[in-house]
Amino acid sequence: MAANTSCPFGRFARSSVQAALIQHRAQHPNGDMYMADKCEDKKCFRHGGLKVRGETLHGKVVSAKSRHTVIVERDQTRYISKYRKWARGTSRIAAHNPPCINAKLGDLVDLAETRKLSKTKAWTLVGLSMKGETR
Ligand SMILES: [Zn+2]
């Protein structure tokens, strides 16, 4: 991929995480529509100095009470070998919510792993694939 200033991931384009994000963005063309063009957040992955690496996930915002932080819940299925059954549950992840994304309760969001941002936060939102019914 050539250097493209309009691509928000241009400066990380070589990383496989970013490749996955670009692919996801192609499948959710509305995602960019929800995002503001700029913000002043130092911990923003697009406008600040934050680098993302590691895994990417999708989930739903279940709490947006904190400033610049949302709680994202995702379904989790794991196999318990003792009972030979699949157990269903959910996991909750605290993620950074930069002002340019500004996710609200009920939104479906994309997460990417990043450095430790606070005691409980090591993920950041990188996109918004669908707005929730609450707004
Ligand atoms: Zn931003």
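Two residues count as in contact when their C-beta atoms, placed from the backbone, lie within 7 Å. With that in mind, welcome to this predicted model: of the contacts in the chain with a separation of 6 or more, 57% are between residues 24 or more positions apart.

**Stop one: the whole chain.** Show everything as a cartoon. Colour by burial if you like: of the 135 residues, 24% are buried.

The five of them close into a barrel, in the order 1-2-3-5-4, with mixed pairing. From one strand to the next, the twist averages 45°.

**Stop three: strands 3 and 5.** Select residues 85-96 for strand 3 and residues 123-130 for strand 5; the two run parallel and are joined by two bridges. To look at a bridge, pick Ala95 and find its partner in strand 5, Trp123.

**Stop four: Val70.** Move on to strand 2, residues 69-80, where Val70 sits. Is Val70 buried or exposed? It is buried, because 28 C-beta neighbours lie inside 10 Å of Val70, and the cut-off for buried is 20 or more.

Next, display the residues that Val70 touches, leaving out those up to four places away in sequence: Val61, Ser63, Ala64, Ala95, Asn97, Ala103 and Leu125.

**Last stop: a distance.** Draw a line from the C-alpha of Val70 to the C-alpha of Ile93: it spans 8.3 Å, while the two residues are 23 apart in sequence.

Methods:
Residues are numbered from 1 along each chain as its sequence is written. This is a predicted model: local features need pLDDT of at least 70, side-chain atom pairs count only at pLDDT 80 or more; totals for chains, interfaces and linings use all residues. A residue is buried if 20 or more other C-beta atoms lie within 10 Å of its own, exposed if 12 or fewer, and partly exposed in between; C-beta atoms are placed from the backbone. Two strands pair if DSSP finds at least two bridges between them. Helices (H or I, at least four residues) and strands (E, at least two) are DSSP runs, numbered from the N terminus. Axes are lines fitted to C-alpha atoms, for helices over the stretch in contact, and angles run from 0 to 180 degrees between N-to-C directions.
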